[in-house]
Each structure stands twice: as structure tokens, then as C-alpha cells.
Amino acid sequence: MARLTDGWGADVGRLRLDARMAAVTAEGLVKVFPSRSGEVRALDGVDLEVTEGSVLGLLGPNGAGKTTAVRILTTLLAPDAGRATVNGVDVASDPQAVRRSIGLSGQYAAVDEYLTGRENLLMIGRLYHMGSGAARTRATELLEQFDLIGAADRPAKTYSGGMRRRLDLAGALVARPPVIFLDEPTTGLDPRSRIGLWEVIEGLVSTGTTVLLTTQYLDEADKLADSIAVVDRGRVIARGTSDELKAQVGGERLVVTVEPGQVGQAGEVLGRLAAGPVDVEEHTRQLVAPVSGGSAVLLDAVRALDEAGVTVLDIGMRRPTLDDVFLQLTGHHAEADQGGAPAAAAGQGGADR
Amino acid sequence: MSDLAQSLSDTGTITWRNITRLRRQPDSIFFGIVQSIMFVLLFAVVFGGAINVPGGGDYTEYLMGGIFVQTVAFTCATTCIAMADDLSRGVFDRFRSLPMSRSAVLAGRTFADVAFAGITTAAMAITGLLVGWRTHSAVLEVVGAFALLALFAYAMLWIGAVIGLSVRSVEVAQTAGLIWLFPLTFLSNAFVPLESMPGWLQPIAAWNPISSVVAAVRDLFGNLPPGYVPPDYWPLQHPVQASVLWCAVILAVFVPLGIARYRRAASR
């Protein structure tokens, strides 16, 4: 608790949260996977805490270890070191009790394609040992809530990607578990389905469910999570609320777009004005410089670029985003990791399963 | 609910799931039936006159026991692929995160697949009857033969399940589930009499579980010529006992192995 709530003292709403218990805890989780090129430390000493009724966003790129953490917390995988509890129960000593209090919706959408939406939910209800009447009522309730009632009696293989995700999420909620794990719930969804799913998750949180959510999308963590743990290479490298993380990066961002061929020159000019390293994106000819000093810096920049003979197509200031946070903390972007460093990505991709 | 009642209820649910899946894929049932019919016709027509049955019996009658056993043995490839498929789709993650019995997923799979084996066996029996196969024994013995086929199919399915849970992809499962069945079924008395094999091969074929089951089924259907003397190997002289024993051994090894694999499988 202490770790997550340090520095939240002034926020009354948070203080009220502090009084609640931790629904999920993890201490020093380590998981090592063997791989062809030696070992991959998918988790390298991860501590987590999710306060009852809140949403923790586990934010990180592919291969950061997010999925491994979720698999340990949902009893699918045993850690090599460390311990974890869900609802006060140790995942290693009484996994069956943990399973009774959790719902899991994974990144693969574990929907049975040949069963109808209703049958999928009925099956899960029966496997939670609800009476068959109760399972039936609950299935209908969820199908209505998730806007699937029209397709309830069609095999799930006829569903769109968004519908499958909703059905998978509904599956996690069948037994009304107090703690829900959502592993990359919107990865691969089109923007409209994504926003639809966000609304569903927000509705869930408003009923007091505790949620641990993993995502590689900064806007998703920003929108849904009460607190965020930034994960990179098996470690939590920062934590706090979205605002706290942004404040940690400090200042504002000066964003400049220039004419082709002038990126290098502009980078030099901005480097003299910036409070930290300038991020240059060659293909969009956009430069982002952390600055402090408000709008005066903007004027300085325009003048300096003009004197250097750089044609400015667009210039502006913005508050730091979580991507800036990520860049500052890790030296690389959060979402642009897929293409880069093939060897490392391959090894870590394996570890993320 | 007690543990046992819970376990039975979970097994029932998973069996229902797999049978429902099967019903929604009528093409797979169709091709299963076509394959059975094809086997019976091909062997009966192509090999019909070429092979001498010891004691001078009818080859079609002699053959049917072998075809029955081969086909139910091959059902284990279906289990293998289905297991690998569920594993790759994350369905097992969902199951393993539920407070359900650990053994139910495998038990439910094997029960559904043994039902599928029942359908293909019925198709073979009907085709066999059409091409001249008859039983010459008491009704109870015929029932016993089918019961033994079901037991053997069930034991073999667990081997398929273990392979399906051990391989890394569905594509590998398609080959790995099938390839070992060819030497297993052909190094037996399923299609040719033991006596026609080279001497060094005979003990291997005699102790092959397939041979015991084939011999037992032939015996129970009354498909052996009168005065037939089984080769001088214990499993062939006591084929029913040997078959039941083989099934028990296979289950004793592969059931615990399968459940252990299932627990660990998704953690790869």
C-alpha cells in the first residue's frame, strides 16, 4: 500500500481509498523462461498492489512481462520467486480459492467458436458450479448488458472481433468475481470497438469491481486506470497516477514540424533550448523537446529556428503524455517497440506468453 | 458440492461442450464415416483374395476385426489435434482459471471422442455387413467385442491427448498424432496373419496391444475359422485378458501423464 500511495496525501478521494484493503498484492515476483539464447527473465522482481475497487493499469511494451504477471496472479503459472495474494488468499497455497474470486479475460479471447454466445456463458456458469437456473439467468443478463442478445443463439464463430472480446469479457464476469484481470483487452480491435469496450470496463468499475488491466496503449491506461505501474523488461520502473507520472517528467513539450532536409538542423537548434534530449521522428519530420519556461520558450524557438534558416511548418506546446513518460524512463517509445531490435523482441515476445 | 460430485459435473459440462462442437461440424462427422467405409471397402476388395487366412477362413470376416481396431486406434489423432487446438486458442487458460476439476477437461474430451469412435464403428459395422461380414457368436459376445473396442478406443485417446498437450502447434499435432499409428497397426495381426511375418518380427507383433485386441475381437465375433490354433504367445492365446490388461496399463500410464501435462501445458 505504502508504495502506491506515497505522495497522494493531499487527495481526499485517495485517502478514502487508502482505508480499503488491497485486493491484489505481489511481492518480488520472478519468472525465468528458458530460451535458445540462454534465459529470459520475464519478471525480475515485480511488486504490485491493487486497492479494492480500483483499477491498476500495467503499462508496457510487448514482452515487458505484463502477461506473465497476470498468469501468475490468476494461478496459471507458478513464480520462481516471490509471493502473490488475491483477495487475501495466497495464489500458491490455495489456487482453487483464488479461482473462485477472479475472472480472467485474456488477449486471445478464449471464446468457443462452435458454441453460441449463450452456450459459452452457460458453460462457464456451470464450471463455476452455479445452479443451472442461476447460470441461465446470468447468461441472459450478461448478453443484454454486453449488447449481444441479438446474436445470443448464433455460434461465436460468426461474431466480429469486438463481439468476441465482449463475449470473452462477459465470460470473466459470469460468477460476479470481485477481482477481474484483463490482459490487453483491446489489442487488435478497431477504434470503435475499443471505445465500446472501454465503456463496458468503466461500467464494471463503477459497480466496485477491482480490475487489473494490462495494456500497451498509453491512452487506454490514461483513460481507465486509477493508478499505473509502468513495466519494462520485467521490472516496474515507475508507478503513480497518470497525472503523477506526467508531473514526474516535468515541464511541457515543444512540438515542431519542419521542411524535409532540415530535421538535423532543427534538432541542433532545439537541443540548445531543451531541458532534456530531443526526440526526433525522421519520417514525420517532427521534433519533440522537453522544455520549461512556458510560452516564452515558444517565441525563443521560433526566433532561433528562423535565424538558422529552418522553415517551420507547425509549432506548438503540449502537456507531456504517457508516451513522453515512457520515453524518458526507458529511452524508447512504449508502442513503437514491435519493429525494433529483432533479436530482443523475439526473445521477449516468447516471454510474454 | 463434494469434490467427486463437482468433478463429475465438470466432466459432464466439458463432454457436453465437445459433443456440441462435434454436432456443429457435421463435415468432420461425415468424413469420419466416409473414412471408415473407405477402409472396409478398400481392404475387403483389394486384399480380399490375396491373403490366406490360417485355417482357411473368409478374409472379409478375418479382416473386419483388424479394420475395427485400426479405425478406433486412429481416433486418437482426433483427440491429439483437438487438444493442441484448445491449447493454442487459450481455451485452456480460461478453464484453468476457473474453480473446476483439473481432470474434467481431459475426461470430457475423451468421453466425447469415444462417442465419435462409436459413430465410426457403427458405420464400419454396417458397411461390413453389406460386403458379407457376419458374426457367428452369442449376442453377449458381440456386445463384449464392441465394449472392448470402446475400452481400447478410450485408452488410445489418452495417448492422443498426451501427444496433443506435448507438441507446440496444431500443425505438428496433425502429424505427431498420426504417424506412430501406422507402424503400430501394421506391425500386428490386423491385416495379415502373424504366421506370414518373418520369424524375428512375430514376437514383436504378438506383444503389440493392437494384436491382442484384434485377436480378442475376432474371437468374440466368431470370425475365426473352426479349429483355428492361435500362435504360441500368451497375449494371443488369452486375447481378451491381454487386451483388458493392455488397456489398464495404457490408462495407468497416460491418465496421470495427461493430467500432469494439462496442468503444465499452458505454462509453456
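Hi everyone. Let me start with a helix in chain B: the buried residues of α2(B) are covered by elements that include α3 (59-88) and α5 (104-130) of chain B. Before I go further, please keep in mind that this is a predicted model.

So, what does α2(B) itself look like? The helix runs over residues 26-46, 21 residues in total. From first C-alpha to last it reaches 30 Å, close to the 30 Å expected at 1.5 Å a residue.

Which of its residues are buried? They are G32(B), S36(B), F39(B), V40(B), F43(B) and A44(B). If you look down the axis of α2(B), these buried residues fall within an arc of 110°, so they line one face of the helix.

Now to where the two chains meet. Chain A puts 24 residues into the contact, and chain B puts in 22 residues. On the chain A side, α4 (95-100), β6 (102-105) and α5 (117-127) each supply at least two residues. By type, the chain A side divides into 13 nonpolar, six polar and five charged residues.

Last, a quick look at chain A as a whole. It is divided into domain 1, covering 2-111 + 159-247, and domain 2, covering 251-319. The centres of these two domains of chain A, taken over C-alpha atoms, are separated by 37 Å. Thanks, everyone!

Key:
Residues numbered from 1 in each chain as written. Chains lettered and ligands numbered in written order. Predicted model: local features only at pLDDT ≥ 70, side-chain atom pairs only at ≥ 80, totals over all residues. Helix = DSSP H or I, 4+ residues; strand = E, 2+ residues; numbered from the N terminus. Expected span 1.5 Å × (residues − 1). Buried ≥ 20, exposed ≤ 12 C-beta atoms within 10 Å, placed from the backbone. Arc of directions from axis to C-beta. Contact = placed C-beta atoms within 7 Å. Nonpolar A, V, L, I, M, F, W, Y, C, P; charged D, E, K, R; others polar. Domains from an automatic or database assignment.
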